[in-house]
Amino acid sequence: MRDFASGVTQHTDRVDILINNGSRYLEGPDLQSASDADVVDTIASGATGTVLTVKNFLPLLLNSDKPDVVTMVSACGTAGHHRSDAHDAFYAAKSAQAGFTEILSKRLRPQGVRVISLYPPDFDNTDPLSEEWKSTPREAKDALTAQSLVDCILFAVTQPRDCFIKAFHFEQV
């Protein structure tokens, strides 16, 4: 991540929006169902990956006059959530992300960095380059969609700089 952030500095002196959405999903509600390596990879991708990404991109964010850090946490990162078939390691990774973004929001606000977390339940994730992206149902009876999550992010980052939307929590159908 350090090398990637360093490479980005070769093209720009600032980053306005950093979106943390890379995390390994691991299925299986049985703790014993995953190998030790799968557990380590899952927790590292969500927890360590998010921390190192923000750490290494923070200098570029601080050069921006409108810095935002957006993290796709998951409903699995909320206390008491139990409605996903995700593995316990995924729950652990998402809980770590939730704790990290909570403290980061308080610590970076004095520097003008907004930290926004999204806590969606399992959602329909269609390819944004496909025709299905435009035709996926988005009614009250339907599951949450990736398109709606993108709309929430766009809404949050376009608000005036005194508007710190800390989190979006979504109902599960």
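Which residue forms a salt bridge with R24? In this predicted model, local features need pLDDT of at least 70, side-chain atom pairs count only at pLDDT 80 or more, and totals for chains, interfaces and linings use all residues. Residues are numbered from 1 along each chain as its sequence is written, and side-chain values use heavy atoms, with hydrogens and water left out.

The partner of R24 is D41, with the closest N and O atoms 3.6 Å apart. D41 lies in helix 2 (residues 36-62) and R24 in the loop between strand 1 and helix 2, so this pair ties together parts that are 17 residues apart in sequence. A salt bridge here is a side-chain nitrogen of Lys or Arg within 4 Å of a carboxyl oxygen of Asp or Glu. Helices (H or I, at least four residues) and strands (E, at least two) are DSSP runs, numbered from the N terminus. D41 is partly exposed, at 41% relative accessibility. R24 is also partly exposed, at 29%. Buried means under 20% relative accessible area, exposed over 50%, and partly exposed in between (1.4 Å probe, protein chains only).

The whole structure holds nine salt bridges. Side chains of opposite charge can pair when their charged atoms come close. One of the bridges joins D68 and R114, at 2.6 Å from N to O. D68 lies in strand 2 and R114 in strand 3, so the pair ties together parts that are 46 residues apart in sequence. D68 is buried, at 1% relative accessibility. R114 is buried too, with a relative accessible area of 1%. Elsewhere, salt bridges that share partners join R24, D38 and D41 into one network. Another bridge links the side chains of R14 and D13 (2.9 Å, N to O). R14 is partly exposed, with a relative accessible area of 40%. D13 is partly exposed as well, at 46%.

D68 also takes part in strand pairing. In strand 2, D68 is the bridge partner of I17. Strand 1 and strand 2 pair in the parallel sense over four bridges; two strands pair if DSSP finds at least two bridges between them. Side chains alternate along strand 1.

Helix 5 spans residues 146-157. Its 12 residues reach 17 Å from first C-alpha to last, close to the 16 Å expected at 1.5 Å a residue. The expected span is 1.5 Å times one less than the number of residues. The buried residues of helix 5 are A146, Q147, S148, L149, C152, I153, A156 and V157. An α-helix has 3.6 residues a turn, so residues three or four places apart point the same way. The cover over the buried residues of helix 5 includes strand 1 (17-20), strand 2 (68-72), strand 3 (114-119), helix 4 (132-135) and strand 4 (167-169).

The structure holds zero disulfides, a disulfide being a pair of cysteine sulfur atoms within 2.5 Å. C152 is in none, and the nearest cysteine sulfur, that of C163, is 13 Å away. C152 is buried, with a relative accessible area of 17%. C163 is partly exposed, at 26% relative accessibility.

D142 sits in the loop between helix 4 and helix 5, and its relative accessible area is 17%. Its side chain makes a polar contact with the side chain of K141 (3.5 Å). A polar contact is a pair of N or O atoms within 3.5 Å; within protein, one must be able to donate a hydrogen and the other to accept it, and residues adjacent in sequence count only if both atoms are side-chain atoms. Neighbours within four places in sequence aside, D142 is in contact (heavy atoms within 4.5 Å) with P137 and V173.

T126 lies in the loop between strand 3 and helix 4. T126 is buried, at 9% relative accessible area. Leaving aside neighbours within four places in sequence, T126 is in contact with E132, W133, T136 and Q147.

V73 is found in the loop between strand 2 and helix 3 (88-108). V73 is buried, at 1% relative accessibility. Beyond neighbours within four places in sequence, V73 is in contact with K94, Q97, A98, T101, S117, L118 and Y119. V73 and L149 are 76 residues apart in sequence and 12 Å apart in space, C-alpha to C-alpha.
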